[in-house]
Structures are given as C-alpha cells and as structure tokens.
Amino acid sequence: MNEKCKLVVAMAGASGSIYAARFLRALMEMDGESWIVASPASVRVFQEEYGTSAANAEEILEFVGTLWKSKLKHRFHVRSYGDIGADIASGSNTWEGMVVVPCSMKTAASIRSGVTANLIDRAADVSLKERRRLVLVPRETPYNRIHLQTMLELHDAGAVILPASPGFYQMPKSLDDLGDFIASRIFKLLGKEVDLYPRWNPETPKSHGTNLIL
Ligand SMILES: Cc1cc2nc3c(=O)[nH]c(=O)nc-3n(C[C@H](O)[C@H](O)[C@H](O)COP(=O)(O)O)c2cc1C
C-alpha cells in the first residue's frame, strides 16, 4: 500500500457493503486523496448489513476506520449525492479512476442512460467521457435481460464490469477475505497493486484458510 492515488469512490444501494468497506479500509492506509459519494439507498443497505446507524458517507468512513483500527493516511473528500455542482461533476477536475462499489442495477441503468441526475451518475459520466477508468461492481442475481444489456452497453462505452463474484480457489476463511478478493481486483483495475489477498500460485500450499468442508 505505497502509491499515492486520487480516486472517486461511489457506493450505490446493492447488497455487498462489505466490498465497499474492505476497499475503503485499504484505501485509508494509502497515500493520496479521494472523493466519496454514497447514495441514500447505499446508506440504508450498509446499515442493514453492518447493523450500524451510520447515516451518511462520513459516518460510514468513521465506522470502517474504527472497525478495523485503520491508520488514516488518506484524505477523503465527502460529497453529497444530490450535489450536481460538486467538483467531481466536472471533467476539469482530475481523478485517476472511479469505482461504484457495490453498484445497483438502478445506478448501472442510469449511468448507461446518460441522464446524470445525481453526483454518482454525473461523475461516472465524466469518467467515461474523459476516458478515465470506471469500474462498476454490480450485485444482483439472477440477471434479467435489461441488466445484461445494461452491462454490455456499459462495457462497450468503456466501463469495466467487475461482478461481485469472489473466487473460492484460495480458500477464504472469512467474509473479510471475500471482501478483500474483490477489493484487490478493483485496485488492480484502477492501476494500484495492493497486497490484500495472495495471488494465485498453484504451487503455494493452501494455508490461507480452511477448505469448504467444515
Ligand atoms: C437490503 C437491500 C438490498 C438490496 N440489494 C440490491 C442488490 O443486490 N442489487 C440491486 O441492484 N438492488 C438492490 N437493492 C435495491 C436498491 O437499493 C434500489 O434499487 C435503489 O433504488 C438503488 O438506488 P441507488 O442506485 O441510487 O443506490 C437492495 C435494497 C435493499 C433495501
């Protein structure tokens, strides 16, 4: 966790708060600064999944930092979901890349439509038009045709679709391991090599966790 970075981190209201939480935990310990935006639905889902009363992005950051006793090296700029006049609504501000984690089907559909009625959609739209990396971490199951078409069009428009589908071949031993599997893939796609999870090596003894037969 050594490189400075400048990212936009958005949270939408899909299940999978753990992916955002583990990503933010790691980001906190990296040099650099990032913007964070959480939709009202994402806050609601975060509350359900972590049993917390954190009521906005600022309180989610505080919750994550306290939960894992993170050493805060990163500067976070919290922006409001409805603030379409915020700095990250404009391509004149520079960020390296953006992630929507987790990404609801509603946010995926609105980014695809280009309507940009809130700051997440707008920053994603700017990321695409400025040819900056945009990583979307959708979570829904099963997918209907609309979801699949939405994701294909987003892919064709330049976004990376990184489904919230962690692998099990490295024997994760906790939910946090599953969160880190996805968080490390996001960092990689945003150009950051972060050591959150061991790389696959068929020769390594499987000591990372237990096997699936408990
Ligand atoms: C507990 C809970 C879990 C949800 N899980 C998902 C999900 O996994 N995927 C999804 O697309 N929507 C899910 N939703 C529905 C979205 O939150 C809803 O469509 C919302 O309007 C999304 O708004 P946003 O994209 O602005 O965050 C869930 C809602 C709740 C309350």
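The charged end of Arg22 sits over the ring of Trp68, 4.6 Å from the ring centre. Such a placement requires CZ of Arg or NZ of Lys within 6 Å of the ring centre and within 35 degrees of the ring normal. Arg132 places its charged end over the ring of Trp95, 4.5 Å from the centre. The model is predicted: local features need pLDDT of at least 70, side-chain atom pairs count only at pLDDT 80 or more, and totals for chains, interfaces and linings use all residues. Residues are numbered from 1 along each chain as its sequence is written, and side-chain values use heavy atoms, without hydrogens and water.

Seven aromatic pairs occur in the structure. Rings of Phe, Tyr and Trp (its six-membered ring) pair if their centres lie within 6.5 Å; planes under 30 degrees apart are stacked, over 60 edge-to-face, the rest tilted. Phe46 and Phe63 pair edge-to-face, at 5.7 Å centre to centre and 85 degrees between the planes. Phe46 lies in helix α2 and Phe63 in helix α3 (residues 57-67), 17 residues apart. Tyr50 and Phe63 also form an edge-to-face pair, with 5.5 Å between centres and 65 degrees between planes. Phe46, Tyr50 and Phe63 make up one aromatic cluster.

The ligand is surrounded by 14 residues (a heavy atom within 4 Å). The closest are Gly13, Ser39, Ser104, Thr107 and Arg139. A polar side-chain atom of Ser39 lies 2.6 Å from a ligand oxygen atom. For Met105, a backbone N or O atom is 2.8 Å from an oxygen atom of the ligand. An N or O atom in the Lys106 side chain is also 2.8 Å from a ligand oxygen.

How values were computed
Polar contact = N/O pair within 3.5 Å; in protein donor to acceptor, adjacent residues only side chain to side chain. Helix = DSSP H or I, 4+ residues; strand = E, 2+ residues; numbered from the N terminus.
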